[in-house]
Amino acid sequence: MSPATPPPPPSSDAALRDRAVAAAVAQGLVSASDPVAGLLDVAGVRRSAAELRAAFEEFTAPGTPVLHAFAVKAASLVPVLRLLAREGLGCEVASPGELALARAAGVPPSRTVLDSPAKTPAELREALALGIAVNADSFGELDRLDALTASAPTASPLGVRVNPQLGGGSIDAMSTATDTSKFGVALRDADARERVVRAFLDRPWLTRLHAHVGSQGMPLELMADGVRVLYELAEEINAKAARAQVGTLDIGGGLPVNFASDAVSPAYRDYARLLHRTVPGLFGGRYGLVTEFGRSLLAKHGLVLARVEYTKSAGGRRIAVTHAGAQIATRTVFAPDAWPVRVAAYDAQGRPKTGDAVAQDVAGPCCFAGDLVARDRPLPPLEPGDHVALLDTGAYYFSTHFAYNSLPRPGVHGYAPGPDGGVRWATVRAAQRVAELVAESGGAYGDALTQL
Ligand SMILES: Cc1ncc(COP(=O)(O)O)c(C=O)c1O
């Protein structure tokens, strides 16, 4: 068992982040004509991947197969998926688009897992043909798998997602183990557990169980309890089958991220240790493991950098109108209490701003009043031409664009320390151009409706 690598002090990340902001401004990655971009700290991503691997290696019996399948929804960007693949991770995909991204990144089917509550027959057929692991979300989906596996043999490991119905966390929309969640087979409903056991006994090709009890806002104990329920169900099935039919447990993702400071808390090691205490048998080597972490691998390593276009005041409130709003921080804008983000102020050259903090609203460019990423936030007074950085936005923010007001998808750039205190850059995604926006908005069908 190898010990987990202790993380370097977060202050070095913060210093590199400041260097990256200044370099992004100096090199025009964020400018008057490209006023917003996502920046990603590549070394930080690598370190998180290494911490995840080390945390599980520390507790699992030698030789236990463990696949860390990155939840593609957290950063649907091909270079990010390839970077993580190089760091030993696979992909968890939940749509044909995400599967295509994983394949474009070169992630092999044997390291890909398909989850989704709404898989079409075509999606299932493609996954089975490729040999991708599939977690059925319902008995209805199992019926479809019956038909598909009868008509063509498959190398896909197949499993069932269950909902342990243990309750929710602090964000309703992220809580998938509530009584009435749409995900998985609700295990405590009348007859459900018996039906799941019977489903396995009737289908010798079912070999996996899956649970993902929620994302962000879930207490770690509740997450570990969900895994305990999964483990106990596997033991029950295997006892009734009189063989080790369930050979792999897919424990999902969901490790919460601290959005309040630079501290990485909880760490993967905290969770692995808690799992080891709560479900000791999980790591004993009788079960292969799959994890599906997303947010915790990337959030702390990304930021959205945006120019301040104007400042004004209304009703005594200072407002900085920036280019980062609902199009890029959708959850923060529509559910600000659940998804607060830290905002760092930088000057026109991208240097950290100093000065006595005054309360300001940080607004986005969208045409609705609630398009604010921070309200009444104490910050050094912002001026036109300054910059704001939305911190901890490396997951689910700049990769998950909301096309309101036909605002373009911003560019995304990876950074790493360069020689002589400089910064090296790589384009992850080019900023969308207006012509592309017109094309994806029916530009080729301009006359379509007038001719009907
Ligand atoms: C099935 C499944 N696995 C993994 C994840 C990733 O969760 P997180 O990004 O919180 O780790 C999600 C998120 O919605 C999910 O639905």
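Which residues does the UniProt annotation "domain: Orn/DAP/Arg decarboxylase 2 N-terminal" cover? According to that unreviewed entry, the annotation covers residues 53-298. The structure discussed here is a predicted model.

## Overall architecture

The protein chain has 12 helices and 18 strands. Its C-alpha atoms fill a box of roughly 70 × 65 × 45 Å along the principal axes. For 452 residues, a compact globule would have a radius of gyration near 22 Å, and the 23 Å of the protein chain agrees with this.

Of the 452 residues, 45% count as buried. Among contacts in the protein chain with a separation of 6 or more, 69% are made by residues 24 or more positions apart.

## Annotated domains

Over residues 53-298, the span of the N-terminal annotation, the chain is 39% helix and 15% strand. The end C-alpha atoms of this span are 15 Å apart.

For "domain: Orn/DAP/Arg decarboxylase 2 C-terminal", the UniProt record, also an unreviewed entry, lists residues 300-394. This span is 5% helix and 44% strand, and its end C-alpha atoms lie 6 Å apart.

## Surroundings of the ligand

The ligand is surrounded by 17 residues, of which the closest are Ala-71, Ser-215, Gly-253, Glu-292 and Gly-294. By class, the shell consists of 4 nonpolar, 8 polar and 5 charged residues.

Helix H4 comprises residues 96-104, and its buried residues are Glu-98, Leu-99, Leu-101 and Ala-102. These residues lie on the same side of H4 because they cover an arc of only 160° around the axis. In general, an α-helix has 3.6 residues a turn, so residues three or four places apart point the same way.

The buried residues of H4 pack against helix H3 (78-86), strand E3 (90-93) and strand E4 (112-114). On the face turned away from the buried side, H4 carries the exposed residues Gly-97, Ala-100 and Ala-104. The helix is followed by Gly-106, which has a positive phi near 85°.

## Backbone geometry in loops

Most residues other than glycine have a negative phi, and most peptide bonds are trans. Asp-191 is not a glycine, yet its phi is positive, at about 70°. This residue is placed in the loop between strand E7 (185-186) and helix H7 (192-202). Asp-191 counts as exposed because it has 8 C-beta neighbours inside 10 Å, the limit for an exposed residue being 12 or fewer.

Gln-216, likewise a residue other than glycine, has a positive phi near 50°. It is found in the loop between strand E8 (206-210) and helix H8 (220-241). Gln-216 is buried, since 24 other C-beta atoms lie within 10 Å and the threshold for burial is 20 or more. A further feature of the backbone is the cis peptide bond from Ser-265 to Pro-266, with omega near 0°. Pro-266 belongs to the loop between strand E9 (248-250) and helix H9 (268-278).

Where in the chain is Phe-398 placed? Phe-398 lies in the loop between strand E16 (387-391) and strand E17 (411-417). With 30 other C-beta atoms within 10 Å, Phe-398 is buried. Leaving aside residues up to four places away in sequence, Phe-398 touches Gly-38, Gly-302, Val-304, Ile-328, Thr-393, Pro-410 and Val-412. The C-alpha atoms of Phe-398 and Leu-40 are separated by 9.9 Å, although these residues are 358 residues apart along the chain.

Leu-29 is located in the loop between helix H1 (10-26) and strand E1 (36-41). It counts as buried, with 22 C-beta neighbours inside 10 Å. Beyond residues up to four places away in sequence, Leu-29 touches Ala-24, Ala-37, Gly-411 and His-413. Leu-29 and Ala-431 are 402 residues apart in sequence, but their C-alpha atoms are 9.8 Å apart in space.

Technical notes:
Residues are numbered from 1 along each chain as its sequence is written. This is a predicted model: local features need pLDDT of at least 70, side-chain atom pairs count only at pLDDT 80 or more; totals for chains, interfaces and linings use all residues. UniProt positions are given in the numbering used here, feature names are shortened, and annotations may be inferred rather than shown by experiment. Helices (H or I, at least four residues) and strands (E, at least two) are DSSP runs, numbered from the N terminus. A residue is near a molecule or strand if its C-beta atom, placed from the backbone, lies within 6 Å of it. Ala, Val, Leu, Ile, Met, Phe, Trp, Tyr, Cys and Pro count as nonpolar, Asp, Glu, Lys and Arg as charged, and the others, Gly among them, as polar. The arc is that of the directions from the helix axis to the C-beta atoms. Two residues are in contact if their C-beta atoms, placed from the backbone, lie within 7 Å. The radius of gyration is taken over C-alpha atoms; the globule rule is 2.2 Å times the number of residues to the power 0.38.
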